[in-house]
Amino acid sequence: MKDPMELSSCAVGVRKPRTKSAQLCTPSHDHLPAGQLPVYGSAGPVRQRKQQQDPSSIQTTEFSNLTREERRRRRRATLKYRTAHATRERIRVEAFNVAFSELRKLLPTLPPDKKLSKIEILKLAICYISYLNHVLDA
């Protein structure tokens with residue numbers, strides 16, 4: 001059998017664009033399975049597709065007799081959901097860390113580049129706000 005990329009455009013499963021030099025298939029269609037005739041569309045042969053059941057309809061019938069909580073639990077157990085959730089969580093944590101670093105830049109410490117934990121940043125911010133209120137009141 002020929003290399004699949006060298007078959008004509010009516011070969012099943014080949015997605016090679018036609019060029020002027022591309023050969024049209026032979027009238028015998030010897031590259032198709034026995035007994036299968038090519039189906040021609042407006043732009044040439046069209047590959048016949050098997051009728052497949054929609055995966056979402058399988059899922060709805062599978063989940064239809066479950067409680068709302070069980071459906072939620074199963075949906076959250078899918079790889080697609082976990083991946084999306086992990087991405088959302090990563091973005092949330094990054095935004096959280098950026099906010100802490102911006103707050104840290106506003107707080108005076110000695111030395112100025114001292115590494116502080118998040119709780120230390122919050123406590124220092126509370127003390128600094130109290131100090132600024134005291135300065136404004138005086």
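How many residues apart in helix H4 are Tyr128 and Tyr131? Tyr128 and Tyr131 are three residues apart in helix H4 (residues 118-137), so about one helical turn separates them.

## Model and conventions

This is a predicted model, in which local features require pLDDT of at least 70 and side-chain atom pairs count only at pLDDT 80 or more, while totals for chains, interfaces and linings use all residues. Residues are numbered from 1 along each chain as its sequence is written, and side-chain values use heavy atoms, with hydrogens and water left out.

## Overall architecture

The chain contains four helices and two strands; helices (H or I, at least four residues) and strands (E, at least two) are DSSP runs numbered from the N terminus. Along the sequence, the pattern is β-β-α-α-α-α.

Of the 138 residues in the chain, 14% are buried; buried means under 20% relative accessible area, exposed over 50%, and partly exposed in between (1.4 Å probe, protein chains only). The accessible surface of the chain is about 12,200 Å², with 58% of it belonging to carbon and sulfur atoms; such areas come from the Shrake-Rupley method with a 1.4 Å probe, and for residues only the protein chains shown count as cover. Among contacts with a separation of 6 or more, 13% are between residues 24 or more positions apart, where contact means heavy atoms within 4.5 Å.

## Aromatic pairs

Two aromatic pairs are found in a search of the whole structure. In the pair formed by Phe96 and Phe100, the ring centres lie 5.0 Å apart and the planes stand at 70 degrees, so the arrangement is edge-to-face. Rings of Phe, Tyr and Trp (its six-membered ring) pair if their centres lie within 6.5 Å; planes under 30 degrees apart are stacked, over 60 edge-to-face and the rest tilted. Phe96 and Phe100 are four residues apart in helix H3 (residues 79-106), and therefore about one helical turn separates them. Phe96 is partly exposed at 42% relative accessible area, whereas Phe100 is buried at 10%.

The rings of Tyr128 and Tyr131 have centres 6.4 Å apart and planes at 20 degrees, so this pair is stacked. Tyr128 is partly exposed, with a relative accessible area of 27%, and Tyr131 is partly exposed at 49%.

## Nonpolar core

The largest nonpolar core has five residues: Phe100, Leu107, Leu116, Ile121 and Ala125. A nonpolar core is a set of buried Ala, Val, Leu, Ile, Met, Phe, Trp, Tyr and Cys residues joined through side-chain atoms within 4.5 Å. Beyond its neighbours within four places in sequence, Phe100 contacts Lys118, Ile121 and Leu122. In soluble globular proteins, nonpolar side chains tend to be buried together.

## Loops and polar contacts

Thr109 lies in the loop between H3 and H4 and is buried at 16% relative accessibility. Its side chain makes a polar contact with the side chain of Arg104 at 2.8 Å and reaches the backbone oxygen of Pro111 at 3.2 Å. A polar contact is a pair of N or O atoms within 3.5 Å; within protein, one must be able to donate a hydrogen and the other to accept it, and residues adjacent in sequence count only if both atoms are side-chain atoms.

Thr78 is located in the loop between helix H2 (68-76) and H3, and is partly exposed at 33% relative accessibility. A polar atom of the Thr78 side chain lies 2.8 Å from the backbone oxygen of Arg75.
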